[in-house]
Amino acid sequence: MSDSPIRPRSPVDLDVKSGSPTEVELALLQAQTRRHFFRNLGAGLGTVFLGTLASKLVPFANAAGAETAALDFSRDPRTPLSPLPPQFPAKARRVIYLHMAGAPSQLELFEHKPELKRFDGQDCPASLLAGKRFAFISGVPKLLGSQYPFHQTGQSGQWISDRLPHIEKQLDDICFIKSMRTDQFNHAPAQLLVQTGNPRLGYASFGSWLVYGLGTENQNLPGFIVLLSGGKTPDGGKQLWSSGFLPSVYQGVQCRSHGEPVLYLDNPQRVSRALRRSMLDTIDDINQQTYAAFGNPETVTRIAQYEMAFRMQMDATDAMDIRKEPDWVHAQYGSKPGEASFANNCLVARRLAERGVRFIQLYHWGWDSHGADAKEALNIGFNDRCREVDQPTAALLADLSSRGLLEDTLVVWGGEFGRTPMRENRGGQVMKYVGRDHNPGAFTIWLAGGGVRSGITYGETDDMGYEIVKDPVEIRDLHATLLHLLGFDHHKLNFRFQGLEQKLTSVKPARVVAEILA
């Protein structure tokens with residue numbers, strides 16, 4: 001419906017011949033608030049001015065020669081998710097993003113630092129503390145070596161700890177970026193930066209940008225689906241899959257791997273599918289009349305979303321029903337139908353990828369290993385998180401590969417920042433449990449499939465795993481690289497809002513990390 005509801009029409013039949021407004025015209029005038037009147041008046045005057053200005057600029061534009069045409073993302077508003085071609089041939093057609101909410105310690109998983117281990121338990125040098133901001137560390141903390149042994153494995157000979165025995169079997173398919181950095185050291189803004197390109201609320205998420213630019217192949221499922229596990233929502237909340245300033249149809253749809261895929265998707269008792277269809281047809285007729293009167297595109301978006309929900313009653317239930325998978329697949333993933341788990345979500349992610357969903361986002365909460373209690377301890381709760389994600393992540397990679405999907409599916413795994421090489425000491429005191437504070441200066445993200453070089457490591461940190469010493473990668477560089485793999489120049493995937501051509505990579509310079517492209 002429009003944002004200014006129509007007031008009840010007058011029952012009087014107005015005389016058109018007398019010059020009085022018709023009943024419809026009167027209703028339109030009644031629906032116009034003063035705010036809408038001045039907004040439309042201003043737009044009209046602005047159009048006149050710009051038209052006059054443009055006429056003066058045409059000769060100069062023609063003299064300047066041909067310019068690069070802007071990308072056209074326009075589509076029929078009745079089918080806002082219809083597929084669009086990328087700007088250039090893409091290596092990847094879809095994304096599965098596995099976000100480990102809370103920021104897993106790279107020093108316990110992927111960063112082998114024997115020098116740090118050698119200085120374990122010693123006071124941290126002042127040079128590592130000068131000018132640094134910490135979330136909880138105070139005073140002079142102790143250096144903390146990795147809590148687990150590392151080894152090299154696979155044909156690529158990459159280092160990995162013993163906490164991920166299943167993922168290590170897939171190392172030759174993985175590209176590590178060990179020189180990621182961010183300018184945020186609190187979870188919510190750091191997660192927002194990773195997922196939307198901006199640490200503040202109100203910006204469009206990566207998945208929303210991708211569906212806006214490419215649409216989706218399956219018109220019976222949302223183009224952007226979100227699955228949660230770990231018991232809590234990430235600190236950034238639902239803004240992490242918001243469409244921001246993009247049309248709302250491009251926001252992520254949170255689904256479940258047990259029960260109804262979306263709450264209240266099923267029809268209520270004694271409401272048949274035929275009755276639901278009749279109700280929707282009536283609502284659509286009303287919305288179509290409103291759209292014809294006011295031209296608000298969000299009205300058409302609402303119609304499309306109602307129709308999508310109707311189609312999802314059949315297709316989403318089928319896609320999320322992992323009970324249809326054979327026993328050997330459940331054994332491979334460690335999945336158990338009826339539970340809410342990362343393993344179940346990984347299996348659902350593969351099923352969604354098969355069905356043409358463009359962007360599949362998994363969040364697994366619980367990686368914030370400060371050591372404040374047993375759940376946050378590197379030697380207790382951290383172990384549990386590793387067990388929860390290791391087998392299903394490896395199974396997802398192997399399953400995608402065996403089905404021929406990995407070559408055009410871009411898999412991303414990582415958190416929002418790294419962890420310090422110092423042991424956390426809240427209030428300057430040694431804590432009962434072992435943990436690390438936030439480190440925005442260096443962390444690891446890995447990629448697989450979708451046109452990425454396999455079996456390599458890009459970037460390097462110092463001997464303490466604290467600062468980047470080679471090939472730093474900003475969050476916006478990662479975004480530019482992912483968009484490139486999906487067929488977009490990040491400068492040209494934009495949306496005008498508040499006088500600025502908004503982009504996922506924002507306004508600072510960003511580069512494609514060409515060294516990791518296959």
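A cavity here is a set of points, on a 1 Å grid over the protein atoms alone, where a 1.4 Å probe fits but cannot get out, and its lining residues have an atom within 4 Å of a point. Grid points are joined across faces, edges and corners, and a volume is the space filled by probe spheres set on the points.

Before going further, note that this is a predicted model, in which local features need pLDDT of at least 70 and side-chain atom pairs count only at pLDDT 80 or more, while totals for chains, interfaces and linings use all residues. Residues are numbered from 1 along each chain as its sequence is written, and side-chain values use heavy atoms, with hydrogens and water left out.

**Cavities**

With a threshold of 30 Å³ or more, the structure holds 2 cavities. The largest has a volume of about 70 Å³, and its lining is made of P104, S105, Q106, L109, F110, W413, G415, F417, F443 and T444. For the classes, Ala, Val, Leu, Ile, Met, Phe, Trp, Tyr, Cys and Pro count as nonpolar, Asp, Glu, Lys and Arg as charged, and the others, Gly among them, as polar. On that scheme the lining of the largest cavity has 6 nonpolar, 4 polar and no charged residues.

The second largest cavity has a volume of about 30 Å³. Around it sit L107, E111, K113, L116, K117, G145 and S146, a lining of 2 nonpolar, 2 polar and 3 charged residues.

**Salt bridges**

A salt bridge is a side-chain nitrogen of Lys or Arg within 4 Å of a carboxyl oxygen of Asp or Glu. The whole structure has 26 of them, including these:

| Pair | N to O distance |
|---|---|
| K324 and D318 | 2.4 Å |
| D318 and R355 | 3.1 Å |
| R355 and E354 | 3.9 Å |

D318 lies in helix α7 (residues 297-320) and R355 in the loop between α9 (342-354) and β7 (359-365), so this pair ties together parts that are 37 residues apart in sequence. Helices (H or I, at least four residues) and strands (E, at least two) are DSSP runs, numbered from the N terminus.

How covered are these side-chain partners? Buried means under 20% relative accessible area, exposed over 50%, and partly exposed in between (1.4 Å probe, protein chains only). D318 is partly exposed at 26%, R355 is partly exposed at 25%, and E354 is partly exposed at 37%. Through shared partners, salt bridges join D318, K324, E325, R350, R351, E354, R355, D399 and R403 into one network.

Helix α9 supplies R350 and R351, both among its buried residues. In α9, 12 of the 13 residues are buried, so the helix is largely enclosed by the rest of the structure. Just after α9, G356 has a positive phi of about 85°.

Helix α5 (residues 206-214) is mostly covered too, with 9 of its 9 residues buried. Among them are F206, W209, L210 and Y212. G215 follows α5 and has a positive phi, near 70°.

Technical notes
On a 1 Å grid over the protein atoms alone, a cavity is a set of points where a 1.4 Å probe fits but cannot get out, and a pocket is an open set with protein on both sides within 12 Å along at least five of seven lines; lining residues have an atom within 4 Å of a point.
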